[in-house]
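Work through the exercises below with the sequence and the structure at hand. Each task is followed by a solution in steps.

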Amino acid sequence: MAGYVVVGTQWGDEGKGKVVDLLGKNVDMVVRFQGGNNAGHTVVVNGKKTILHLLPSGILNHNAWCIIGPGVVVNPFVLFEEVDLLESQGVLCDKIRISDRAHILMPYHIRLDELEESRDSKYRIGTTKNGIGPCYADKYTRVGLRMCDLKDWDVFCEKLEETLALKNLEITKVYGGEPFDFNAMKEQFASIRERILPMLCDATDVVNKALESDKVVLFEGAQANMLDINYGTYPFVTSSSPTAGGVLTGVGVGPRALDHIIGIVKAYSTRVGEGPFVTELLDETGENLRQKGAEFGATTGRPRRCGWLDLPVVKQAVRINGLTEVAITKIDVLSGLKEIPVCVAYEINGKQYDTVPASLKDYAAAKPVYKVFKGWEEDISNISKFEDLPETCQEYVKFIEEYTGTPVALVSVSPEREGNIILHNIF
Ligand code: GDP
Ligand code: IMO
Ligand code: MG
């Protein structure tokens with residue numbers, strides 16, 4: 001078996017898309033296992049930028065099958081927009097398959113997400129407003145519609161009518177919002193049904209058979225450990241499990257299928273949306289990181305909050321995911337800084353911790369304990385050998401390896417597919 005997993009170790013946007021695309025040239029199948037089009041994964045090839053939301057980032061490598069697994073919530077209208085855009089640019093999209101068990105993200109999920117987010121509350125999450133939370137909520141309260149429901153049109157319409165009546169009550173009575181018309185929504189789905197049916201499959205069977213016949217399968221995480229529903233800064237999280245554990249439940253493969261679990265570590269920290277962020281820089285240094293790192297959301301365009309690298313956060317991801325390697329990205333963005341502080345522990349009420357507490361009240365009291373590294377002046381974005389990096393930059397990388405106890409397999413130094421230093425050839 002040869003199963004690879006790529007997961008985010010921070011708050012998302014670490015550069016997962018870039019690494020998946022890079023690995024993609026050697027794999028037979030790329031599989032999304034959770035999340036939906038809240039993801040924004042950027043791939044840059046020969047200066048051309050492609051942002052993927054629902055489609056696996058293997059799509060630019062035509063040899064790989066692209067599978068959307070059972071654990072993903074799929075907005076079919078967004079899916080086809082993405083496919084149409086790529087096809088108009090000459091990208092072949094004939095190797096995309098969708099699990100018939102995946103839940104359909106419905107128009108009312110988006111409206112409910114928008115309405116929930118419009119409330120004036122300190123617990124407002126700052127979601128992407130793509131309907132992710134409401135769709136997963138329906139899945140777990142067992143009123144969701146699944147892709148397989150589209151196969152039997154009468155069943156689909158019956159379920160839709162019943163669910164929509166309830167959703168319209170919530171939309172109008174709780175939030176004073178505009179209800180949906182059943183017939184109009186039925187028509188909307190009738191218009192895409194014929195296109196989606198041939199793309200459906202039993203993805204669990206397809207992926208397991210690929211693994212059994214020694215194909216290389218890459219599982220692409222969206223979001224990241226600190227946005228995980230169980231281990232993130234709840235409630236400021238997403239509604240799925242973006243971890244290696246999420247692969248098992250979100251695709252239906254056994255734990256022994258995972259050979260390499262690669263955590264992507266951005267060389268500093270960013271976060272989009274609300275929620276605690278211990279190393280956040282609210283000053284000019286934070287603004288400089290945002291500008292230099294082009295830290296604006298790939299999905300919503302929102303400015304990302306920026307701060308220093310938080311290693312207790314990364315260490316938590318190492319443990320929860322059982323990382324076998326890490327890939328460090330965007331280290332080029334740190335060039336030109338005189339000093340680079342890295343958070344190595346939290347001080348909470350006079351005691352030091354290297355773990356993230358469950359209670360947001362405790363986490364709000366956490367002060368970062370910094371180890372300060374010397375910076376480097378040079379532009380490193382064209383370097384391809386580790387020993388050619390400035391010594392202070394090498395020290396920064398080695399410290400991450402030492403702190404996390406996990407080998408650094410790759411250092412990414414530019415957004416381009418080729419902009420990498422490869423230290424361990426698992427790629
Ligand atoms: P993802 O959600 O984890 O796939 O990451 P995003 O695509 O949302 O954000 C990462 C951003 O950083 C994208 O704009 C990438 O093109 C860019 N990027 C990735 N790796 C590097 C790198 O090593 N250096 C620089 N400067 N940019 C990078
Ligand atoms: P990728 O895959 C960064 C954040 C949102 C919000 C919270 C919940 O590109 O790394 P949701 O819409 O999921 O209910 O929002 O999670 N969020 C992300 N932040 N990168 C992402 O994906 C994200 N997907 C969701 O900003 O704080
Ligand atoms: Mg992103």
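This is a predicted model: local features need pLDDT of at least 70, side-chain atom pairs count only at pLDDT 80 or more; totals for chains, interfaces and linings use all residues.

Residues are numbered from 1 along each chain as its sequence is written, chains are lettered from A and ligands numbered from 1 in the order in which they are written, and side-chain values use heavy atoms, without hydrogens and water.

**Exercise 1.** Describe how helix H2 packs on helix H6.

Solution. Helices (H or I, at least four residues) and strands (E, at least two) are DSSP runs numbered from the N terminus. H2 spans residues 76–88 and H6 residues 182–196; their axes are 11 Å apart at an angle of about 55 degrees. H2 is therefore oblique to H6 (under 35 degrees is roughly parallel, over 145 roughly antiparallel, 65 to 115 roughly perpendicular, the rest oblique). Next, list the contacts (heavy atoms within 4.5 Å): Pro 76, Phe 77, Phe 80, Val 83, Asp 84 and Glu 87 of H2 meet Gln 188, Phe 189, Ile 192, Arg 195 and Ile 196 of H6.

**Exercise 2.** Which strands stand at the edges of the open sheet?

Solution. Write out the order of the 10 strands: E9-E7-E5-E2-E10-E1-E11-E15-E19-E20, with mixed pairing (two strands pair if DSSP finds at least two bridges between them). E9 (200–201) and E20 (420–422) each have a single partner strand, so one side of each lacks a neighbour in the sheet. Further in, E15 (residues 325–329) and E19 (residues 408–412) run parallel, joined by three bridges. Val 326 is opposite Val 408 in E19.

Technical notes:
Axes are lines fitted to C-alpha atoms, for helices over the stretch in contact, and angles run from 0 to 180 degrees between N-to-C directions.
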